[in-house]
Amino acid sequence: MTRPSPIPLFDLRFTAEQRRAVDKVLQEGWLSQGPRVEKMETEFASLFGKGHCVALSSGTAALHLALVLAGVVPGDDVIVPSLTFAATGNVVCLLGARPVFADIQALERPFLGPETVEPLLTSATKAVILVHYAGAPGPTAALRCLLRDRGIPLLEDTAHGPGQDANGRWLGTSAEFGCFSFFSNKVLSCGEGGLLWCKRKTDALRARCLRSHGIQANKGQAFRGPSIAYKIPEPGWNYRLDELHAALLITQLPFLTNTLERRQALVERYIRTLPDQTGLTIPLRKLLHGGFHLFPLLADSMNTRDRLRQALQAKGIQSGIHYQALHQISTYGHDSTRSLPITEDFCKRELSLPLYPHLRGQDVDRVCKVIHQTLSPKGS
């Protein structure tokens, strides 16, 4: 009997056109930041329909520069969700600021909300980071309303996007800054890469200096390298994106709508095939908009979650956990004694299932069958 092929948590496939685009860069021999990076920024700005885009080496770099542009300095507080990847907390610490961890709204709304942020606001709060978990849209408008009169900027961590909300607005383009990731498992992937969306042109211009050691260069110099006499208004970093990664992203943009539609169809198939039952909750059941980066499940306990993961692994199906609660990690020990009950409950029970555009419907059914069998009274 033939053993079923493994199903990874995520998978990449590149077209012949995408491989040709990368090969053309190699043939031309211009690898560092150049005209393709500029084209990528222009095309993303056109897609979003507003604001200004700055290509960067990673989503982490985008978060870092967004905080710098927001004016965060050592000693400041930045409110972040505990339900997020380490990068969201790390960039705050690396600036000498303090991450103040907030709870999510509910198991079915795994985001910061006004009710979880407002009690944490103090005179030391200099920014709030909203994470659009799994690519689903968090309450950007409500948080902006809460923060606007206090003069506190909102940053959107859209590493799990890009995607649109129910009104067709692109996540990451409704606050002061939006931070995108193009890591290998993301909706748009080039291995490593990021994008910073800025509401104001002045912020984008400053970000372009900061991504290249703080060097202020004109358009031509940005491609050819700085002249002998150049200005450095402030120290910066090497956060530049290269031409290879930009070329790979440019070729994916025309297919973004199809990619999002395919991901949504797979999410809907999961939901149809995994109706609510004892031992299982689907957080995204009512959040069918966005980037569809992850498909998370909540088991009724950590033991059930671990049992599901073992059963899937035994059938050659990979799963993931997103994430460990940051406030419980010793690196952020100043907050380790705080209780964030909804986040803690979510993290103990969450399991992410395979999701990528070329995942077959029959593979979704196969994943769901293992879950049904494992949760059935008889087991299997």
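How much space lies in the largest cavity? The answer, for this predicted model, is about 80 Å³, a cavity being a set of points, on a 1 Å grid over the protein atoms alone, where a 1.4 Å probe fits but cannot get out. Volume here denotes the space filled by probe spheres set on the points, with grid points joined across faces, edges and corners. The structure holds one cavity of 30 Å³ or more. Because the model is predicted, local features need pLDDT of at least 70 and side-chain atom pairs count only at pLDDT 80 or more, whereas totals for chains, interfaces and linings use all residues. Residues are numbered from 1 along each chain as its sequence is written, and side-chain values use heavy atoms, with hydrogens and water left out.

The largest cavity is lined by Leu9, Phe10, Asn185, His293, Leu294, Phe295, His322, Leu353 and Leu355, lining residues being those with an atom within 4 Å of a point. By class, this lining comprises six nonpolar and three polar residues and no charged ones, where Ala, Val, Leu, Ile, Met, Phe, Trp, Tyr, Cys and Pro count as nonpolar, Asp, Glu, Lys and Arg as charged, and the others, Gly among them, as polar.

Phe10, one of the lining residues, also contributes with Leu12 and Phe14 to a nonpolar surface patch of about 230 Å². Phe14 lies in the segment before helix 1 (16–28), helices (H or I, at least four residues) and strands (E, at least two) being DSSP runs numbered from the N terminus.

His322, likewise a lining residue, is joined to Tyr323 by a cis peptide bond with omega near 15°, and Tyr323 is found in the loop between helix 11 (302–314) and helix 12 (341–349). A cis peptide bond also runs from Gly161 to Pro162, with omega near 5°, and Pro162 is placed in the loop between strand 5 (154–157) and strand 6 (177–181).

Positive phi values in residues other than glycine include that of Ala134, near 65°, in the loop between strand 4 (125–131) and helix 6 (140–148). Ala134 counts as buried because its relative accessibility is 1%, buried meaning under 20% relative accessible area, exposed over 50%, and partly exposed in between (1.4 Å probe, protein chains only). His213 has a positive phi of about 65° and lies in the loop between helix 7 (201–210) and helix 8 (219–224), but counts as partly exposed at 37% relative accessibility.

Definitions and conventions:
1 Å grid on protein atoms, 1.4 Å probe; cavity = no way out; pocket = protein on both sides within 12 Å on 5 of 7 lines; lining within 4 Å. Patch = residues over 30% accessible without salt bridge, like charges linked within 9 Å, V, L, I, M, F, W, Y side chains within 5 Å. Areas by Shrake-Rupley, 256 points an atom, 1.4 Å probe, with all protein chains shown as cover. Salt bridge = Lys/Arg side-chain N within 4 Å of Asp/Glu carboxyl O.
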